[in-house]
Amino acid sequence: MGIVKEFKEFIMRGNVMDMAVGVIVGGAFGAIVNSLVNDVIMPVISLATGKVDFSNLFIALDGGEYANLAAAQEAGASVFAYGSFIQAVIEFLIIALCIFLVVKGVNKLRKPAPAAAPTTKVCPFCKNEVPIEATRCGFCTSELK
């Protein structure tokens, strides 16, 4: 029965719950970024590069000629699909940029904790710390301003 209790304590820790929420939000964020890459950015890149479809860039290792990657794979040919790799690298860079921008924005929103008001001051004569409200130093009895 001890392992069940330990597992329950482990699950109920704050950092485990935070991690679970982070994974769920990360999955949803990943879907948004994938749509941004595939539906917005890659078509623009394709248009800028003369309508090159990166996902269809491949080399058939059997020497055959195929109309597209799907046709080569359907024929059972071994292919070197370098276009899919290029697209994955571009997606990774865009996702990394988006995460960087989100983290940078969140860090800007965070405000540092205000400094606590001092409770002591230093006596200018003997250099000992005395309460801030003191009018005389408890160590050298000098008058404080």
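**Exercise 1. In which helix does Gln-87 lie, and is Gln-87 buried or exposed?**

Solution. The model is predicted: local features need pLDDT of at least 70, side-chain atom pairs count only at pLDDT 80 or more, and totals for chains, interfaces and linings use all residues. Residues are numbered from 1 along each chain as its sequence is written, and side-chain values use heavy atoms, with hydrogens and water left out.

Step 1. Gln-87 belongs to helix 4 (residues 82-109); helices (H or I, at least four residues) and strands (E, at least two) are DSSP runs, numbered from the N terminus.

Step 2. Gln-87 counts as buried, because its relative accessibility is 15%. The classes are buried (under 20% relative accessible area), exposed (over 50%) and partly exposed in between, with a 1.4 Å probe and protein chains only.

Step 3. When neighbours within four places in sequence are left aside, Gln-87 is in contact (heavy atoms within 4.5 Å) with Asn-38, Met-42, Phe-54 and Ser-55.

**Exercise 2. Describe the setting of Pro-43.**

Solution. Step 1. Pro-43 is found in helix 2 (residues 14-48).

Step 1. With 40% relative accessibility, Pro-43 counts as partly exposed.

Step 2. Leaving aside neighbours within four places in sequence, Pro-43 has contacts with Val-37 and Asn-38.

Step 3. Asp-53 stands 10 residues from Pro-43 along the chain, and 8.4 Å separates their C-alpha atoms.

**Exercise 3. Which residues form a nonpolar patch on the surface?**

Solution. Step 1. The patch consists of Ile-59, Leu-61, Phe-80 and Tyr-82, which together have about 390 Å² of accessible area. Patches are made of residues with over 30% relative accessible area and no salt bridge; like charges are joined within 9 Å, and nonpolar side chains (Val, Leu, Ile, Met, Phe, Trp, Tyr) within 5 Å. A salt bridge is a side-chain nitrogen of Lys or Arg within 4 Å of a carboxyl oxygen of Asp or Glu. Areas come from the Shrake-Rupley method with a 1.4 Å probe; for residues, only the protein chains shown count as cover.

Step 1. Leu-61 is located in the loop between strand 1 (59-60) and helix 3 (69-74), and its 59% relative accessibility makes it exposed.

Step 2. Phe-80 is partly exposed at 48%, as is Tyr-82 at 30%.

Step 3. The structure holds 1 aromatic pair. Its members are Phe-80 and Tyr-82, with ring centres 6.1 Å apart and planes at 35°, so the pair is tilted. Rings of Phe, Tyr and Trp (its six-membered ring) pair if their centres lie within 6.5 Å; planes under 30 degrees apart count as stacked, over 60 as edge-to-face and the rest as tilted.
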